[in-house]
Amino acid sequence: MVARVQTVAFQGIEAVPVDVQAQFTSGIPPGVVIVGLPDKAIKESGERVKAALLSSGLSLPPRRIIANLAPADLPKEGSHYDLPIALAVMGVIGALPADALEGYLALGELGLDGRLASVGGVLPAAMAAHARDLRIICPAPCGPEAAWAGDDVEVVAPDSLLALLNHLGGHQLCARPLPRRQERRTNLPDLADVRGQDVARRALELAAAGGHNMLMIGPPGAGKSMLAERLPSILPALNPRELLDVSMIASVAGELEGGALSDRRPFRAPHHSASMASLVGGGLKVRPGEVSMAHNGVLFLDELPEFAPSVLDSLRQPLESGETVIARANARVTFPARFQLIAAMNPCKCGLAGTPGHTCKRGDACAADYQARISGPFLDRIDIRVDVPAVGAADMIGPATGEASAAVAERVKVARDIQRERYLAAGHPEIFTNAAAPVKLIETVVNPDRDSQKLMLQAAERFSLSARAYHRVLKVARTLADLAGSDQVTRPHIAEALSYRIGFAGT
Ligand SMILES: Nc1ncnc2c1ncn2[C@@H]1O[C@H](COP(=O)(O)OP(=O)(O)OP(=O)(O)O)[C@@H](O)[C@H]1O
Ligand SMILES: [Mg+2]
């Protein structure tokens with residue numbers, strides 16, 4: 001007799017159905033053999049399952065059991081196959097009635113003592129179960145995550161194999177877990193702490209309002225990192241659709257703390273020693289990289305030229321397409337990666353090029369060499385470039401007069417609402433910001449007056465703007481108009497948008 005248990009394999013954030021089939025087979029030695037393109041973690045699963053069953057009071061007969069993960073040509077990785085394999089084995093040895101697991105989808109890792117340990121990907125698995133009208137069995141710590149898939153999905157979240165047996169046997173039922181939300185953080189760093197830097201503050205507000213990429217250049221200690229750290233305090237909360245995408249990625253990466261979802265926008269700040277795999281995804285196990293963890297949020301690259309040039313250039317494709325494709329010999333996986341890039345850098349290696357009264361020891365080469373580490377095409381993808389000069393003594397000594405984050409966040413929210421409604425009315429409910437709007441759409445929604453058209457034409461010729469730069473200026477101008485509550489993009493909007501662009505290498 002073949003015992004079957006349904007589970008899933010993850011391809012990006014998609015949960016693909018996998019059938020675990022088990023039966024007695026001939027041959028020696030006795031034990032559990034796993035076939036169907038398992039990775040090393042799954043191959044070891046046989047030993048864990050044997051120990052967990054023993055700890056739960058079930059012993060395996062001295063025979064060989066084969067467990068097949070179908071479809072056999074789909075590579076499987078991860079430790080979440082332990083539970084479905086254990087359940088299938090229990091079906092084979094008669095510890096569970098053959099039909100007990102019909103209509104269930106199971107995933108979870110087993111400890112040697114029979115306890116269930118949390119695994120990544122429970123949220124997408126629960127969504128897949130919902131779509132296929134199945135019930136889901138997952139480890140207790142992941143229960144709140146599974147409960148988000150919908151009120152009508154039956155979730156069984158036991159803490160051990162024994163508790164699951166009791167539930168399935170009807171002796172002691174596991175209560176349905178409740179969906180959990182993360183507490184909203186109230187002590188985020190506030191913009192009120194930043195002194196001076198009016199231009200950079202304005203640029204930060206603009207970037208937050210339209211989701212634009214931004215680069216801050218300035219001497220050490222001017223407040224670049226400080227400004228970037230305050231961006232989360234002015235960004236609006238995730239809307240339900242964005243929240244689901246962000247949570248799915250965090251779930252697959254195993255980073256949903258306590259199974260609780262949060263509507264806070266992701267803010268990821270990888271160190272400049274980051275490898276390409278950690279940034280764009282992949283590695284030994286196909287897992288989302290920082291760009292995907294920053295989906296619908298912010299990727300902050302501090303000390304930009306210190307990143308390896310090849311690592312920076314690997315961001316060019318996701319910056320353009322909003323997703324990363326990880327190609328392997330036997331798999332091709334796509335993760336969403338629509339993030340807002342915020343970067344900060346010094347103008348040169350000694351950090352002070354351009355500061356009045358300072359001359360670099362190496363002359364112009366100091367700044368030129370340092371900035372050359374960033375490629376033209378990478379810079380071309382940055383919409384807003386802003387100089388952050390050292391703070392003046394008068395600003396530092398006097399009382400702090402900077403506007404607090406709450407007031408800025410309010411304006412950002414209003415501008416974002418305008419954008420969402422605009423794209424909804426244009427038949428694109430999936431677009432929420434000007435930065436995310438495709439080129440064709442932005443041309444139709446910009447609505448420039450004659451004067452600003454003329455200025456745009458002059459600038460395009462004079463500064464030989466690339467086609468990409470042209471559209472990005474339009475997007476920034478559209479956000480400036482949205483911030484001002486103006487329906488039409490006027491000459492001052494274009495002029496300001498251009499001022500953030502001119503002086504770029506590659507434009
Ligand atoms: N504009 C400012 N207002 C108030 N404090 C500031 C400002 N700029 C810098 N500081 C103080 O200096 C510290 C260092 O600032 P920050 O780390 O933001 O500098 P930075 O521009 O990122 O420098 P680096 O180029 O060396 O990374 C801050 O923690 C803060 O205490
Ligand atoms: Mg810094």
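Biologist: Where is Arg268 found?

Modeller: Arg268 sits in strand β13, which covers residues 267-268. Keep in mind that this is a predicted model.

Biologist: What makes two residues enough for a strand?

Modeller: A strand needs at least two residues in a DSSP run.

Biologist: Okay, and why is Arg268 called buried?

Modeller: Its relative accessible area is 18%. Buried means under 20%, so Arg268 gets that label.

Biologist: How do you know that the side chains of Arg268 and Glu290 make a polar contact?

Modeller: They are joined at 2.8 Å. The limit for N or O atoms is 3.5 Å, so this pair passes. Leaving aside neighbours within four places in sequence, Arg268 is also in contact with other residues, including Glu255, Met293 and Phe300.

Biologist: Let's jump to Val8. Why is Val8 called buried?

Modeller: Val8 has a relative accessible area of 0%. That is under 20%, so Val8 counts as buried. Val8 belongs to strand β1, and its contacts, not counting residues up to four places away in sequence, include His80, Tyr81, Leu105 and Arg132.

Biologist: How do you know that β1 and β2 pair?

Modeller: Pairing takes at least two bridges, and these strands have 9, so they qualify. β1 is residues 3-11, β2 is residues 14-25, and they run in the antiparallel sense. For instance, Thr7 has Val18 in β2 as its bridge partner.

Biologist: What lies between the strands of that hairpin?

Modeller: There are 2 residues between them, and Gly12 takes a positive phi near 65°.

Biologist: What makes β2 and β4 a pair?

Modeller: They share 7 bridges, and at least two are needed, so they pair as well. The sense is antiparallel, and Thr25 stands opposite Arg64 in β4.

Biologist: Now the ligand. Which residues are closest to ligand 1?

Modeller: Of the 15 residues that surround ligand 1, the closest are Arg195, Gly221, Lys224, Ser225 and Asn346. By class, the shell has 6 nonpolar, 5 polar and 4 charged residues.

Terms used. Residues are numbered from 1 along each chain as its sequence is written. Chains are lettered from A and ligands numbered from 1 in the order in which they are written. This is a predicted model: local features need pLDDT of at least 70, side-chain atom pairs count only at pLDDT 80 or more; totals for chains, interfaces and linings use all residues. Side-chain values use heavy atoms; hydrogens and water are left out. A residue is near a molecule or strand if one of its heavy atoms lies within 4 Å of it. Ala, Val, Leu, Ile, Met, Phe, Trp, Tyr, Cys and Pro count as nonpolar, Asp, Glu, Lys and Arg as charged, and the others, Gly among them, as polar. Helices (H or I, at least four residues) and strands (E, at least two) are DSSP runs, numbered from the N terminus. Buried means under 20% relative accessible area, exposed over 50%, partly exposed in between (1.4 Å probe, protein chains only). Contact means heavy atoms within 4.5 Å. A polar contact is a pair of N or O atoms within 3.5 Å; within protein, one must be able to donate a hydrogen and the other to accept it, and residues adjacent in sequence count only if both atoms are side-chain atoms.
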